[in-house]
Amino acid sequence: MRLNLVSLLTAGLALMSVGGFAQQTPGIAAHWEGTMQMPEKEMGIVVDLGRNPKGEWIGSFSIPSGEIIDAPLMDISVKGATVRFGLGVAKAFLEGTLSGDGNGLTGTATSERGTAPFQLKRSGEARVKTPAPSTSLSKDFEGTWEGTLEAPGGPLHAILKLARASDGAATGTLISVDEGGQEFAITTIKQEDKQLEFEIRVIRSKYSGSLNGNGEIAGEYALPQLNLPLVFKRQAGKQ
């Protein structure tokens, strides 16, 4: 009886130790909510970080006041208590460090316009909403295109780069030439025969067009409350 009691107590203490260790500092995978201190105002931000079935890091972010919802995070890197991820805009990224108790994530947001501190608090399990996957891309659309958007404030020249990933899926970026060459990662690309559609969640824009007999992609570029015609032509010397 005494031996059995000692064994039970030993096993119980071992389980308590394992349980206590398992419940120590939670990791970076979570639903995070907080603020970013911009020069002109404080801005709310929501970040979700998790892993897909392959164990790869995935994530999304939202800025409710700017109506940016579930924009995918890019190039997520986690090293110990530090995480860094891009926002889908060239040279724009957040880098933060997990607090000692694992319930806070603080750091700096960096872009071409400067830096801004941010503070996030853990608010439950990760709720990453990944965008629909891109379709395959045919050679008819692959390459570099350019077009001019007749915006209310004046013409804006754009460069569209479309390519195929190793699995054949479409990838792409849109460059706003007149805005300092700012480059935006395209969230999802869909191609069916001569039809092309793409979405850029980080700037809340969509494009829908078709390849015509002149070898141009003629369509419409949609922003919140604004739809404008946009024709892409092959950039000279580019395929």
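1. The largest pocket holds about 1300 Å³ of space. A pocket here is an open set of points on a 1 Å grid over the protein atoms alone, where a 1.4 Å probe fits, with protein on both sides within 12 Å along at least five of seven lines; lining residues have an atom within 4 Å of a point. The volume is the space filled by probe spheres set on the points, which are joined across faces, edges and corners.

2. This is a predicted model, in which local features need pLDDT of at least 70 and side-chain atom pairs count only at pLDDT 80 or more, while totals for chains, interfaces and linings use all residues. Residues are numbered from 1 along each chain as its sequence is written, and side-chain values use heavy atoms, with hydrogens and water left out.

3. The lining of the largest pocket comprises 42 residues, and Val-89, Arg-113, Gln-182, Phe-184 and Ile-203 lie nearest its centre. Strands that each supply at least two lining residues include β3, β8 (104-111) and β17 (217-223); strands are DSSP runs of E, at least two residues, numbered from the N terminus. By class the lining has 27 nonpolar, nine polar and six charged residues, where Ala, Val, Leu, Ile, Met, Phe, Trp, Tyr, Cys and Pro count as nonpolar, Asp, Glu, Lys and Arg as charged, and the others, Gly among them, as polar.

4. The second largest pocket holds about 610 Å³ of space. Of its 22 lining residues, Pro-72, Leu-73, Met-74, Pro-131 and Thr-187 are the closest to its centre. Two or more residues of this lining come from each of β3, β5 (74-79) and β12.

5. Ile-63 belongs to strand β3 (residues 57-63). Beyond its neighbours within four places in sequence, Ile-63 is in contact with Met-43, Gly-44, Ile-45 and Ile-68, contact meaning heavy atoms within 4.5 Å.

6. Two aromatic pairs are counted, a pair being rings of Phe, Tyr or Trp (its six-membered ring) with centres within 6.5 Å; planes under 30 degrees apart are stacked, over 60 edge-to-face and the rest tilted. Phe-198 and Tyr-207 are stacked, at 5.2 Å centre to centre and 25° between the planes. Tyr-207 and Phe-232 are edge-to-face, at 5.3 Å and 75°. This second pair links strand β16 (residues 205-211) to strand β18 (residues 226-234), its members being 25 residues apart. Phe-232 is buried, at 0% relative accessible area.

Methods: Helices (H or I, at least four residues) and strands (E, at least two) are DSSP runs, numbered from the N terminus. Buried means under 20% relative accessible area, exposed over 50%, partly exposed in between (1.4 Å probe, protein chains only).
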